[in-house]
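Here is a friendly walk through one model, taken a region at a time. Keep the sequence and the 3D view open as you read.

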Amino acid sequence: MGKYRGNPQAIRALVREAEVHKDTYIDQELFELEMEQLFANAWIYVGHASQVPNKGDFYTTTVGSEPVVMVRHSDDTIRVLYNRCPHKGVKVAGETCGNTGKFFRCPYHAWTFKTDGSLLAIPLKKGYENTGFDGCEASHGMAAVGNVKVYRDFVFCRLNPSGISFEEYFGESLSTIDNMVDRSPAGKLEIAGGVLRYINHCNWKMLVDNQTDTCHPMVAHESSAGTAVAVWNEAPEGTPKPMAVELFAPFTSPYEFFEGMGIRVWPNGHGHTGVSNSIHASYSAVPEYWDAMVAAYGEARAKEILGECRHNTVYFPNMTMKGPIQAMRLFKPLGPDKTLVESWTFRLVGAPDVLLERTLMYSRLINAPTSVVAHDDTEMYERAQEALTSRGRDWINIQRLYDPDEPRNATAVTNGTNELQMRNQMRAWAEFMTIGMADEK
Ligand code: FES
Ligand SMILES: [Fe+2]
């Protein structure tokens, strides 16, 4: 047994009031415990209903390190199955997405399963007669994840059969999803524009931490966004401002801008930047969109919806969202020093195409494998991953604006450069990592 397995005190000791031990980012055993504990006890995003509009449509993904398949069942509900054949363990659905018809068929020996996972047929079934097959595990088919919640078309699951409810886990933080969906005049989102995928050689928590790190843009992104602004400043007077400059420029905002925008934290590790202002607040208006929103909601409600301009929302542990531009990123852990980053974009049903165009451009400029901005961050993550192994220091500091009496596991609004959300996340991490582990007597 390693240092941390079965030792909740040792795990909790990694998260001090305003410091985090380097092992949380580099230790293999802790990574495995994150998969077994954190990613099983928390509610994790699986996919979006618009990816599986028709019966038999499926999408394969992972929850922590578990391969799963999300599928539209014959009763029109969305099911999440462990993507594992009960026979010899083969991954049943091999494609990323598609339509499987009325059943899944394992490619190894052709056992078939209904889209709720139950066993449909086995070739040469008579070979199992009088073997007591009905009493064995395989007779139950592919295992279904028991706790699935579809919230406004966002599909989440909790792998552990018992634990915190969806409503209690997310609480008021669902307001970010609400706002993003409400921005559609039809109250509906659709995944659009494909997905951007790339691997960062760093711990997944570095990417989460970065979402509310408001003291880095003006420093780390000076070389990219700063250059874009400098070039734009030399453009002849009267040149129309390109959309790209509008998207880049806010990254160079001063500290005071980020201090003033505010951070809101919620229980269970969720939180967001951009309470009263954000880098997404000053994009050009799109008159046809405003008209569609007023027609759908009335002027007062439309104003309220569009006036909410949150920056980054963290849905702990590994999902982040930008409501005002309908972008979502997932940080899928592959190892203590390896993370798959996915950037997804949504179409606001009933809104002009220019909004999707803006989202896609934002993702290409800021969050794509070819982006100039994301690479500034990637370099910082990978330099940190390398240097954290140093014997020179053991702790990571998250102390900015720390107050011993600050709210714990509660909703609060604070200065936009406060590292409270990082402390909030790590306090939730320590809690969800140790659920069900007996304390030593
Ligand atoms: S492993 Fe799936 S049918 Fe044999
Ligand atoms: Fe950044």
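Leu124 counts as exposed because its relative accessibility is 66%; here exposed means over 50% relative accessible area, buried under 20%, and partly exposed in between, with a 1.4 Å probe and protein chains only. Leu124 sits in the loop between β9 (119-121) and β10 (147-151), and its phi is positive, about 55°, although it is not a glycine. Strands are DSSP runs of E with at least two residues, helices are runs of H or I with at least four, and both are numbered from the N terminus.

Asn268 also has a positive phi, about 65°, without being a glycine. You will find Asn268 in the loop between β13 (263-265) and β14 (271-273). With 5% relative accessibility, Asn268 counts as buried.

## How to read the model

This is a predicted model, where local features need pLDDT of at least 70 and side-chain atom pairs count only at pLDDT 80 or more, while totals for chains, interfaces and linings use all residues. Residues are numbered from 1 along each chain as its sequence is written, chains are lettered from A and ligands numbered from 1 in the order in which they are written, and side-chain values use heavy atoms, leaving out hydrogens and water.

## A cis peptide bond

Phe316 and Pro317 are joined by a cis peptide bond, with omega at about 10°. Pro317 belongs to the loop between β15 (313-315) and β16 (319-322).

## Helix α3

Helix α3 covers residues 28-41 and has 14 residues; from first C-alpha to last it reaches 19 Å, close to the expected 20 Å. The expected span is 1.5 Å times one less than the number of residues. At Glu34, α3 bends by about 40°, the bend being the angle between axes fitted to the seven residues ending there and the seven starting there.

Most of α3 is covered, with 11 of its 14 residues buried; among them are Phe31, Glu34 and Phe39. At the start of α3, a side-chain oxygen of Asp27 comes to within 3.0 Å of the backbone nitrogen of Glu29.

## The largest pocket

The largest pocket has a volume of about 500 Å³. Its lining has 20 residues, and Asp209, Asp213, Met380, Tyr381 and Ala384 are the closest to its centre. On a 1 Å grid over the protein atoms alone, a pocket is an open set of points with protein on both sides within 12 Å along at least five of seven lines, a cavity is a set where a 1.4 Å probe fits but cannot get out, and lining residues have an atom within 4 Å of a point. Grid points are joined across faces, edges and corners, and a volume is the space filled by probe spheres set on the points.

Which helix gives the most to the lining of the largest pocket? That is α14, with five residues.

## The second largest pocket

The second largest pocket holds about 390 Å³ of space. It is lined by 18 residues, with Arg183, Ser284, Tyr289, Leu306 and Arg358 closest to its centre. The largest share of this lining, three residues, comes from α13. In α13, the buried residues include Arg358, Thr359 and Tyr362.

## Cavities

The whole structure has seven cavities of 30 Å³ or more. The largest cavity, of about 220 Å³, is lined by 21 residues, with Asn210, His216, Phe251, His311 and Asn312 nearest its centre.

Notes: Polar contact = N/O pair within 3.5 Å; in protein donor to acceptor, adjacent residues only side chain to side chain.
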